[in-house]
Structure formats: C-alpha cells, structure tokens
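Student: Could you walk me through this one? I'd like to start with the sheet and then move on to a helix.

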Amino acid sequence: MGSLEGMTVEAENLLRSASFVAGASRLLSAVEPIVPFGCPFFDSFDSSSIAEEMEREAFKVASHPFHFCAVFSGDTGFFSGAGKLASLLEKSGWHVTFVPGLSSAQVLASRLRLDWRNWTLVSAHGVECDISAEISHGETVFFLTGGKTSAKTIADFVLENSVPCRFVAADRLCYGDEAVVDRILFGDGGEGSFSESEIERICSMRLACVLVDRSVCRTPFSSMRPAVRDDAFVRGSRGVSGAVVPMTKRIVRASVLSILEVSDGETVWDVGCGTGAVSVDIALSAKCRVFAVEENRWAFELERENRARFCAWNVELHLGKAPDALVSLPPPDAVFVGGSGGRLAEILFVVFRKNPRARVLVPSVTVETFSQCVEISERLGLSVEATEIAVTSSFPAGKSHLMRAENPVTLFLMRKAPS
C-alpha cells in the first residue's frame, strides 16, 4: 500500500540508501522520513516522465555507484505503473528489480475476512471500464477506481439498476484516515439505499477500491449462461385474449449467438426485443453492451424483468420505435432485428450510416419477410449469408412420443459487400 506501515523491510532498506526517488506526491511524503538527507525527489506518477528524469539524473552521477527508486502504491504486479517503467528503462540498458508491496485487494479481503481467490480483478484506474459488463459477468468484482470510474459511479449504477449485491467501497486503506462503506443492497435483508453519511463518504472517494459481490444475493437464474432454456424467461400475457408475447426460441437463439459472434467490448443493438430473450443471451455471451429497443410498453416491462432475472446488467433498455429510437444510440458492431414494424430498410440505413462495417442478423419466418430481405440487400449492396433452421421436437402422445416439426426460420446475416 501507500504507507510506511504497509511497506516490506526490503523496500524500506532500499529507500534508506536511495540516490534518487520518484513517485506521486502522496507517496513521496510517506517515504520522506526514511530517505537519505539531500536525496533528490521527482514528483510524478507518469512512467514515461519518471524514466526520462532518471536518465537525466543518471547522466549527472554517471561516475559514481548509485541506485534509483520509483515508488508506486500497492503491488508492482497488480495494475501498476511499475511494468511500463521497467520496460522503458530496460530498453536503455538499466537493471530493474521489482520489490512488491501489499495490494489493495489483499488488504480489503483481510479487512472483510474474505477469500479473494475467485474475485474478478478490474482496473478502472485512468482507463475505460464498462461497469455493466464486468458486474454481469463476474459474481464478485473488485474495481480499482480513478478517472471517469469512481466509487460514486459504481454505486450509482448499482442503485439505478437495483443490482442485488454486497457493495463495499474503501478509500485510503492503511492510512490513518481509512474510510470503508459496507452495505447489502436489494436482497437478503438489503435496504436498497445508503445513509446520508455513507453517500457523503462515497462521493469524497477519489482512488478507492470497490467490491461488488453478487454471491451473497443470488437469484435463481444468476448463474445461467446462453442459450438459456425457454421456460426460464418471464413471458406474461397481454390483454383480454391472454396472448403470450412472441419470443425467439432457444435453438434459434443459439444459432444467433453462433452467427453474430459477439466479442468482448462490442456494442450490440437488439431492435424489437420483445421479452428480451435475445438481449439477455447476447449480454451473457460476452462482456459487451446491448441496447434493447422496444416500442410496446408491456413487452418493454417484460424485458426489464428478464434482465434482472438473469443479472444481465449490460443490457440498456430503450422504449421507442425504430428507426427513430436508434438515432441516439452509439454505433453498433452487431445488430439483431427481432421486429422491424415494416421499416427494415430504414433501420438498416441508420445502422450502416452509424457503422458501415456492422453485422446485421434478421430472422425470417414468412415468405414476405424472406423476399423483403433479398430485395433490400440487393438495393443497398449488401452481402448476405442465409441459414435456414428447421427443428423437429418430440412431444408426448400417451405412453409414446411423436415428432412435431416447428416452422422453419431463415437467418439473414447482412453486411456491406467488400468494395
């Protein structure tokens, strides 16, 4: 950690004989009492700047034996700037030795008396971090915060999406003013909110570590993975007729996942998402962001319920009609058009205007939709790969079982033809 109390004896001995010390100001202040009198300090947390300053200082004392020290908070192998600095110095012929300290994950686990072997460790310290994807895919996620992602932004996400979890935020671990907020939210006795003093404490945290532990508030379906069985989804009924909202069946969804090949970090649109079965399966298949668009409010609420049911927090819901509701969304890498409302050509125009390299998958169960996909792809100059799925399933007939054919589904994968 970043205090003398958390420093190893090896590190302390090296600092007591240092010829030069570089690091962030808070760390320099911590080690100043043990560094030799008159030893030059360089205040910076940037590895490139530290390497350049070390080169300059080395030139001044080139005729004398010396060793330089760079101090970083935490463990040298745990999302540390030490690795980059070592790489820069070694290219110039320096001999570099790592002396690790306590990592914040170790210290927090000891404070909470938890085993951290199954934690997902995520660095959000000055780098982009998709909170929703990490929480959806990791049952217990440890965040190092800093920059755009802070303890507050993670707390806001958990509260806004009613994520059942144990939320822990810890700031300045091992310092005299250490602050920890520990709260069960939305399940198993959780209150779903923070006290005013806890909110104030979380808002003041700058370089905190945050633990979001969903294992203490399991839902029956939180561990399920794609393709999820059909009867696990909430379907509901609509109006006086009691009609069940349409849903893409499991066999078809498995093919959708295989054909779209969504990767970590990608942005996906599910247009006309209905119950949200495809949205959920895609969200569980990769650390991606899924934007689910639905114009029917009743179906939209089903999607919201299914998202929570499967802990698919990387699905962002939008109530609206395509293509108008698509204009404000970020450019997609992949698109599934579950329902177009007769405006498929306009939807595709928006998609390819946002990202000419997008992959679009359109299911067809009628001859009319089949013909429309062929006509639109030719008109827009799209390349098409068509896959027909014809499924026959067994059903009980007395003591025997008969086979019954389902309606065939054709999946059209469209993308811009290479020029």
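Student: Which residue is the bridge partner of V122 in β5?

Tutor: In β5 that partner is F143. Please bear in mind that this is a predicted model, in which local features need pLDDT of at least 70, side-chain atom pairs count only at pLDDT 80 or more, and totals for chains, interfaces and linings use all residues. Residues are numbered from 1 along each chain as its sequence is written, and side-chain values use heavy atoms, with hydrogens and water left out.

Student: How do β4 and β5 run, and how many bridges join them?

Tutor: They run parallel and are joined by four bridges, where strands are DSSP runs of E with at least two residues and helices are runs of H or I with at least four, numbered from the N terminus. Two strands pair if DSSP finds at least two bridges between them.

Student: And what is the strand order in the open sheet?

Tutor: The five strands are ordered β4-β5-β8-β6-β7, with mixed pairing. Because β4 and β7 at the edges each have a single partner strand, one side of each is left without a neighbour in the sheet.

Student: What about β6 and β8, parallel or antiparallel?

Tutor: Antiparallel, with five bridges between them, and V168 has L211 in β8 as its bridge partner.

Student: What comes just after α5?

Tutor: There R113 takes a positive phi of about 55 degrees.
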